Amino acid sequence: MKLIIRIARQELSLLFHSPVAWLILIVFPIQIGVNFIYYLQMIGRAQRMGNHFSDVTAMVYAGLQEGFYPGVKSTLYFYIPLLTMGLISREMHSGSIKLLLSSPIKVRDIVLGKFVAMMGYGALLLVIICLYAISGSFFIEHIDWTLLMSGAMGLYLLICAYAAIGLFMSSLTTYQVVAAISTLAVLAGLNFIGGLFQGNDAVRHITYFMSIAGRTEQFIFGLISSQDTVYFFIVIGFFLAITGMRLQDQREARSTFARTARYLGLTGLCFLIGYISSLPAFTGYIDMTATKTHTLGPQSRELIGKMDQPLKVTTYVNILDNNYYLGAPEKKSADERILTPYRRFMPDMEMDYVYYYDFSNNKGLYKNYPGESDAAIAKKVADIQDLNYKKVLPPEEIKKTVDLGPEENRLVRLLQYGDKKTFLRYYNDVRIYPTEQEFTAALKRLVTPSEIPVITFVTGNGERSITKAGDAAFKMFVNELTFRGALINQGFNVDTVNLANADIPAATSVLVIADPKTAIPPVAQARLDEYIASGRNLFVITEPGSQEILRPVLQQLDVQAGEMPVLEESRDYAPDFILSRFTDSAGSIAPRLAAYKADSAVVSMVGAVSLQYGQQQGFHTIPLLVSKNGQALAIAAERKVQGKTQRIIVAGDADFMSTGELGRRKPYIWNQPMITEMFRWFTYGAFPVNTGAIKSKDVIDSDDKGILMMRVFFFGVIPGCLLIFATVLLIYRKRR
């Protein structure tokens, strides 16, 4: 070990005899900090202008676009070859390598000594990186230190891996420039090989494993996995080993067969270790984020703990769908990595992909090929996408396995647990992919189907439709496949009942009466009366014109609807367009409503009636939404019936839940969050699934003076001190 340290010290001494080592240390803090400090300044200014940011540490340091760590990662790619190009090629060019190999020094000590020297220089780069992390604590309150540690660790492992590669490339030539260019070529190959042959299942796991590009990203995002850590050690060990083997071959004569066998054996061993380490059952994880971003919530983990069979996830990819690219063969490895949080707790999870074609709503594609059949278009798409058309199932074949017609033949995942199946959808929003909330809701359908709440809508009297797509209908929030917030996507089952012909289903968790247009028949009213008296939950939605129809129901709740619509004077909108506000008491039934109140959130209502209420019939009633003049527009009532807590909500407007209002873009409204919290209250907090997400505490508080000091320190003090010290040292050594 002493000999390795001595060689490392000698190598560092030679390295710092060169201006290159000093120049990199001078340029490095400037290059990695220019965009970062500017970005930090912009966020600080936006904060002072009234914008609010969450997960600031992750946004500033791990953001893909402007994050500090991703910027450093892309910069290291160019610096390391300049440092490693002369490690061995210099010895080979001068002939001193022969003296080293003929000396009693072991080749292992030579290789490790030079590598340790690069580790030491990498530590200097790491110090500069850590100084940027420390400086961020002056601007970010409650900064996530563990996330910063994880990112710094990943970058240092990357530096060491690059150094090992550069050391080997330096042993192949006597020309330092050639060594530098060769190192760049190998690094480029390892960065981009992960995108090669991803459409071929036979080799995609191999090329994806060899890729170094995404290994550091997991560290940067705050997730340390044994798979990624072992990968870096494999890369470092492999290149150090073949460097030593190459130098040993110059010391000892071996046959070509023996040399080839050694290299192949080493390569096979590395791939075997890498394969074993990548198996989900042998992969460990450490979530380094303060908010445990990469860890499933307690509800999800508890649910998974009840599973005694493996979960199979089959992704059905319609090549005619406009979301085809998300499930394309070349995206499989990346798509599987998205499910890493679930593999942590379900290592036996199986994944499969099925490609087919069938009619889709991809209007742009059909416009390009007017009049052509689905089969003809699918053949052309397969040619364009370089997809093996023989592996694409036609409609008649896919329907033998699963009927995707009700899913509109969209890209969708099918979750299978034993003999139970359910769909997990992709959505038409910015995130597209289902989050933990939707995934766990789907799992609950499979694991605990008896706990799924049933929302039953009354029909037969002209109520709002839950199947039509019109602006006034309720399809969006009830069963729209592409809408993330729809009840069916948040774990609810939906049913309908015509009370004139049938009893209310026993499984009903909440009965919804939504703006009936015709009188409720006596038999239906009797069933409603019995339902209310039994203490079960009820959601009554009235409108101008339906007050009289619902009067018998409202009287039992000690609620009276106003005769005329509520009107408000407004500069921009019609008088009957109401921007209702949350009340102080709303937070007593749902804490999130209190947060909405604090944010001055509004819920849009078109043509609402006011609600007067008392405290008779044993109910404790509070207002949820009010108009500007304080008239109640939505109320919540509770009472104890037969040992159960009965919950009832009455709304004076139906349009706030309509497709038209949920799609409104101006003004910014909180209708969907309001709907979500109402049904969470109805289900006593069980649905929608609460993932137990930890709210970030880090906030930014920077000013331009602090940013100026940061620029002076990193762009002036550090480079200036290094420049002066390097100049004096080099002149002193030259004179000696």
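Trainee: Which helix holds V717?

Mentor: This is a predicted model, and the answer follows from the assigned helices. V717 belongs to the nonpolar surface patch, together with V127, L131, I134, F138, W145, L708, V712 and F713. The elements that give two or more residues to this patch are helix 7 (107–136) and helix 27 (704–735). The place of V717 is in helix 27.

Trainee: Is V717 buried or exposed, or partly exposed, and at what relative accessible area?

Mentor: Buried requires under 20% and exposed requires over 50%, with partly exposed in between. V717 falls in the partly exposed class because its relative accessible area is 37%.

Trainee: Which element gives the most to the nonpolar patch?

Mentor: The nine named side chains of the patch have about 830 Å² of accessible area together. Two elements, helix 7 and helix 27, each give two or more residues. With four residues, the one that gives the most is helix 27.

Trainee: Which backbone oxygen does the side chain of T75 reach?

Mentor: T75 is placed in helix 4, which covers residues 68–84. T75 counts as buried because its relative accessibility is 7%, under the 20% limit. Leaving aside neighbours within four places in sequence, T75 is in contact with F28, Q31 and I32. At 2.8 Å, its side chain reaches the backbone oxygen of G71.

Trainee: Which residues are in contact with S171, leaving aside its neighbours within four places in sequence?

Mentor: S171 lies in the loop between helix 8 (145–170) and helix 9 (176–192). Outside its sequence neighbours within four places, the residues in contact with S171 are I88, M92, T243 and R246.

Trainee: Which residues of helix 13 are buried?

Mentor: Helix 13 runs over residues 256–278 and has 23 residues. From first C-alpha to last, helix 13 reaches 33 Å, close to the 33 Å expected at 1.5 Å a residue. The residues of helix 13 that are buried are L266, C270, G274 and S277.

Trainee: How far apart are the closest N and O atoms of D109 and R108?

Mentor: The structure holds 24 salt bridges, and D109 with R108 is one of them. D109 is buried, at a relative accessible area of 10%. For D109 and R108, the closest N and O atoms are apart by 3.8 Å.

Trainee: What is the N to O distance in the salt bridge of K380 and E372?

Mentor: K380 counts as partly exposed at 31% relative accessibility, and E372 counts as partly exposed at 29%. The side chains of K380 and E372 meet in a salt bridge, with an N to O distance of 2.7 Å.

Trainee: How many residues apart in sequence are the parts tied together by D584 and K597?

Mentor: D584 forms a salt bridge with K597, with the closest N and O atoms 3.9 Å apart. D584 lies in the loop between strand 13 (577–582) and helix 24 (591–598), and K597 lies in helix 24, so the pair ties together parts whose separation in sequence is 13 residues.

Trainee: Which residues do salt bridges that share partners join into one network?

Mentor: D584 is exposed at 66% relative accessible area, whereas K597 counts as partly exposed at 35%. Elsewhere, salt bridges that share partners join into one network R464, D515, K517, E543 and D655.

How values were computed
Residues are numbered from 1 along each chain as its sequence is written. This is a predicted model: local features need pLDDT of at least 70, side-chain atom pairs count only at pLDDT 80 or more; totals for chains, interfaces and linings use all residues. Side-chain values use heavy atoms; hydrogens and water are left out. Patches are made of residues with over 30% relative accessible area and no salt bridge: like charges are joined within 9 Å, nonpolar side chains (Val, Leu, Ile, Met, Phe, Trp, Tyr) within 5 Å. Accessible areas come from the Shrake-Rupley method with a 1.4 Å probe; for residues, only the protein chains shown count as cover. A salt bridge is a side-chain nitrogen of Lys or Arg within 4 Å of a carboxyl oxygen of Asp or Glu. Buried means under 20% relative accessible area, exposed over 50%, partly exposed in between (1.4 Å probe, protein chains only). A polar contact is a pair of N or O atoms within 3.5 Å; within protein, one must be able to donate a hydrogen and the other to accept it, and residues adjacent in sequence count only if both atoms are side-chain atoms. Contact means heavy atoms within 4.5 Å. The expected span of a helix is 1.5 Å times one less than its number of residues.
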